[in-house]
Amino acid sequence: MPSALPVDSSKKDKLVIGILEVQGAFNEHHVALRKAQKCLNIPDLEIIGVRHPDHISDNMDGLIIPGGESTTISLFLKRNKMDEPLRKWINSKGHVTWGTCAGMILLSKQTENQKIGGQPSLAEMDIDVSRNFFGRQINSFEAPVKLKQTLFVPADFKNCDTDDIYHGVFIRAPAVVEICSPEVIALATLDRSGGGQTEVIVAVQQGNMLATAFHPELTDDVRWHTHFIEMTCMAKRNSNV
């Protein structure tokens with residue numbers, strides 16, 4: 001993965017990031033994006049709620065799909081005729097998507113431990129994800145996550161853990177059990193020493209798609225949000241070339 005580049009804060013174009021507001025901590029994502037905006041010194045960032053097909057347009061540069069119950073979210077998207085517009089938007093040049101927890105499940109092309117009858121999926125990332133990999137809600141936990149790639153962090157940003165460690169919040173979380181394409185890069189892993197698998201992949205990136213099994217929006221460390229905004233800025237610049 002190429003090293004992240006500083007955001008061009010002199011760029012006049014407004015950056016528009018949508019947050020799918022169906023379930024999950026979308027308000028917390030909103031707050032974290034504002035903190036990241038301040039860290040990156042981005043003058044013009046608009047954050048919009050996405051709840052209807054009309055909200056999905058080329059005016060939106062980035063999209064966050066928060067956590068929640070993946071089956072409920074996928075059924076909401078299908079019933080409200082949002083699934084196909086979302087797939088089209090994700091595959092359009094210059095658009096960046098980030099799925100957290102249930103969002104990771106929705107983005108994956110393969111899902112293990114589905115409910116009986118399966119569930120609809122956006123099926124965009126070449127990963128095999130195990131739903132509820134760490135157990136049910138009662139098995140939720142917090143643990144240090146090891147970063148395998150460098151995330152973009154402003155030089156004067158001090159409110160974070162050491163460079164290669166991130167405090168992960170896992171709530172009925174999935175995990176990546178297989179990467180199915182060389183285009184997918186493992187960004188972070190969780191040490192599960194003593195189990196059948198010592199290192200579990202909990203964050204990946206494929207092109208303009210990002211997925212995390214944990215919830216960065218529930219911490220004060222906004223490195224993942226700065227990384228996502230940087231991805232979005234870079235994609236926007238490249239699409240205008």
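Trainee: Which residues touch the most other members of the largest nonpolar core?

Mentor: Of the 68 residues in that core, Phe134, Phe170, Val202, Trp224 and Ile229 touch the most other members, and helix H5 (residues 223-239) gives the most to this core, with six residues. A nonpolar core here is a set of buried Ala, Val, Leu, Ile, Met, Phe, Trp, Tyr and Cys residues joined through side-chain atoms within 4.5 Å, where buried means under 20% relative accessible area, exposed over 50% and partly exposed in between, with a 1.4 Å probe and protein chains only. Helices (H or I, at least four residues) and strands (E, at least two) are DSSP runs, numbered from the N terminus.

Trainee: What should I keep in mind about the model itself?

Mentor: This is a predicted model, in which local features need pLDDT of at least 70 and side-chain atom pairs count only at pLDDT 80 or more, while totals for chains, interfaces and linings use all residues. Residues are numbered from 1 along each chain as its sequence is written, and side-chain values use heavy atoms, with hydrogens and water left out.

Trainee: How many aromatic pairs are there?

Mentor: The count comes to nine aromatic pairs, taking rings of Phe, Tyr and Trp (its six-membered ring) whose centres lie within 6.5 Å, with planes under 30 degrees apart called stacked, over 60 edge-to-face and the rest tilted. Phe133 and Phe134 form an edge-to-face pair, 4.9 Å centre to centre with 80 degrees between the planes. Phe141 and Phe170, by contrast, are stacked, at 4.8 Å centre to centre and 10 degrees between the planes.

Trainee: Where do Phe141 and Phe170 sit in the chain?

Mentor: Phe141 is in strand S7 (residues 141-147) and Phe170 in strand S8 (residues 165-170), 29 residues apart, and the pair links distant parts of the chain. Both Phe141 and Phe170 are buried.

Trainee: OK, switching to Leu190: is that buried or exposed?

Mentor: Leu190 counts as buried because its relative accessible area is 2%, and this residue lies in strand S10 (residues 184-191). Leaving aside neighbours within four places in sequence, Leu190 is in contact (heavy atoms within 4.5 Å) with residues including Phe134, Phe141, Phe170 and Val202.

Trainee: And His95, where is that found?

Mentor: His95 is in the loop between helix H3 (83-90) and strand S4 (96-100), and counts as buried because its relative accessibility is 4%. A polar atom of the His95 side chain lies 2.7 Å from the backbone oxygen of Trp89.

Notes: A polar contact is a pair of N or O atoms within 3.5 Å; within protein, one must be able to donate a hydrogen and the other to accept it, and residues adjacent in sequence count only if both atoms are side-chain atoms.
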